[in-house]
Amino acid sequence: MMKTTSVHGMWSSRLMFVMAATGSAVGLGNIWRFPYITSENGGGAFVLVYLACIALIGLPVLFAEIVIGRRGRMSPINSLKELATSAGASTAWSGIGWMGIIAGFLVLSFYSVVAGWTLSYGFDYLQQLAFGAPAITDPGAHFGALLADPARLIFWHAVFMILTMGVVALGVEEGLERAVSILMPMLFVLLLILLGYGMSTGHFQEAVGFLFSPDWSRVDGSMIVTAMGQAFFTLSLGMCAIMTYGAYLPSHVNVPATGVTVALADTAVALVAGLAIFPIVLSFGLDPEGGGAGFIFTALPLAFNSMPFGIAYGMAFFLLLSVAAWTSSISLLEPPTAYFVESTDMSRKTIALLVAAATWLMGLASVFSLNIWSQVTIGGRDIMGAIEFLAADIMLPVGGLLIALFAGWVLSTSITREELDEKMPSWAFQLWLWLTRVVAPLAILLVLGGILGLF
Ligand code: PHE
């Protein structure tokens, strides 16, 4: 039996799904995380491994999530449970949904803290613009002062979480569709302007070389794990966020074309961000391999100081980046909210409030790891780094592995074929099927097995 609508609402058109899924995909992962981990991993080789992961693992899993979500039309846990039951498989598969909720909870806990940094920077520039507050002349010190101030971090983390909760509480159609369709294109335009500035610095060629000419000696197990984790993180995969959005996708929409559009848009934003940021880093004599979570926060203000209208531009940039983070965090909060709406008597608003409050509390661990707990390490990482690693680099790929196995082996090919696109040429369907059944799961297993030291 095929359901055509979900109780949580539906996207009003294909375009709205593309906007929402792109809104989920494009976020801090592209503009904050991609540049900084590319930097830490030495550039070119990392970028190429990342692109390969997007194509060979990310895309098939992206299709798989949309297919499962749309077929089930419920929150991931219940969709998986129902689809498993009707396929005669164990309901334990719904554990993928539970793991996704936990991964999403961990991701959102630190994501909201970083989004708080961008809000704080947007506000700093606003104050410069409106009240002539002093410019950020020493970005390193400015960033350091922010991290050293738990109260400020907690405040902006709370503001961001309230914004996220607000949209999810209202339901996705009202606020989100409209906000995403106006603000995301604006962010892209600002990135292109920044790219133009980067090109004018005289260091563009050098940046292109850093980003695309591979030094294969840099490739090792931990770099590949990071690249794969980033592919999952940036496409919002492995924790059932896209599955949840797929549940609200009208039945007539063609999944492959839609999925490819989202992946291309997401990849384009990451690459443009890299091409905009690395010339700036180089032109101010910073170390392109300096990395660290503060990478863009310490590099970009230098450019804004020397650009025409740099203050207004800096404000717009950080505020729009906050919006990009917002449209991503909504998709992190929606899956647990949808599940509890289905399985309890509580209202959507109450649930959104409770889940957001719990995530906010968890985020305090990341906040304190930047200051009062900065000495505490877990496996050589500070607390925030450890949460980021566990959630993004381990849990998302494990989730993606299970999702691929479920879509490839548990769902019948008549179901997946029907959901993907009946008119799809047979070779294309077979390609997806075997990437999903074998290539993606094996690749994920090999990479994760490698990092766990199994071989
Ligand atoms: N894709 C988002 C980004 O790149 C982060 C995210 C991860 C959102 C997982 C939802 C689920 O910023």
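Analyst: A nitrogen atom of the ligand is 3.2 Å from a backbone N or O atom of threonine 234. That is a polar contact, meaning a pair of N or O atoms within 3.5 Å; within protein, one must be able to donate a hydrogen and the other to accept it, and residues adjacent in sequence count only if both atoms are side-chain atoms. One caution: this is a predicted model, where local features need pLDDT of at least 70, side-chain atom pairs count only at pLDDT 80 or more, and totals for chains, interfaces and linings use all residues. Residues are numbered from 1 along each chain as its sequence is written, and side-chain values use heavy atoms, with hydrogens and water left out.

User: What does phenylalanine 233 do with its backbone N or O atom?

Analyst: That atom of phenylalanine 233 lies 2.7 Å from a nitrogen atom of the ligand.

User: How much of the ligand's accessible area does the protein cover?

Analyst: 100% of the 330 Å² that the ligand has on its own. Areas come from the Shrake-Rupley method with a 1.4 Å probe; for residues, only the protein chains shown count as cover.

User: Where does the ligand sit?

Analyst: In the largest cavity. On a 1 Å grid over the protein atoms alone, a cavity is a set of points where a 1.4 Å probe fits but cannot get out; a pocket is an open set with protein on both sides within 12 Å along at least five of seven lines, and lining residues have an atom within 4 Å of a point.

User: Which elements give two or more residues to the shell around the ligand?

Analyst: H1, H2 (28-40), H10 (221-234) and H14, which are helices. The shell has 14 residues, and Ala25, Gly29, Tyr111, Phe233 and Ser236 are the closest. They count as near if a heavy atom lies within 4 Å. Six are nonpolar, eight polar and none charged.

User: How big is that cavity?

Analyst: The largest cavity has a volume of about 140 Å³. Its lining takes in 14 residues, with Ser24, Val107, Phe233, Ser236 and Leu332 nearest the centre. Helix H14 gives the largest share, three residues.

User: Switching topic. What about the largest pocket, what lies nearest its centre?

Analyst: Tyr36, Glu40, Arg381, Gly385 and Glu388, out of 19 lining residues. H2, H10, strand S2 (381-382) and helix H16 (383-410) each give two or more. The largest pocket holds about 460 Å³ of space.

User: How does its lining divide?

Analyst: Eight nonpolar, five polar and six charged.

User: And the second largest pocket? How many of its lining residues are charged?

Analyst: None: twelve are nonpolar and three polar. About 260 Å³ of space lies in the second largest pocket. Among its 15 lining residues, Thr22, Met184, Pro185, Ala265 and Val269 lie nearest the centre.

Terms used: Points joined across faces, edges and corners; volume = space filled by probe spheres on them. Helix = DSSP H or I, 4+ residues; strand = E, 2+ residues; numbered from the N terminus. Sits in = over half its atoms within 2 Å of the grid points. Nonpolar A, V, L, I, M, F, W, Y, C, P; charged D, E, K, R; others polar.
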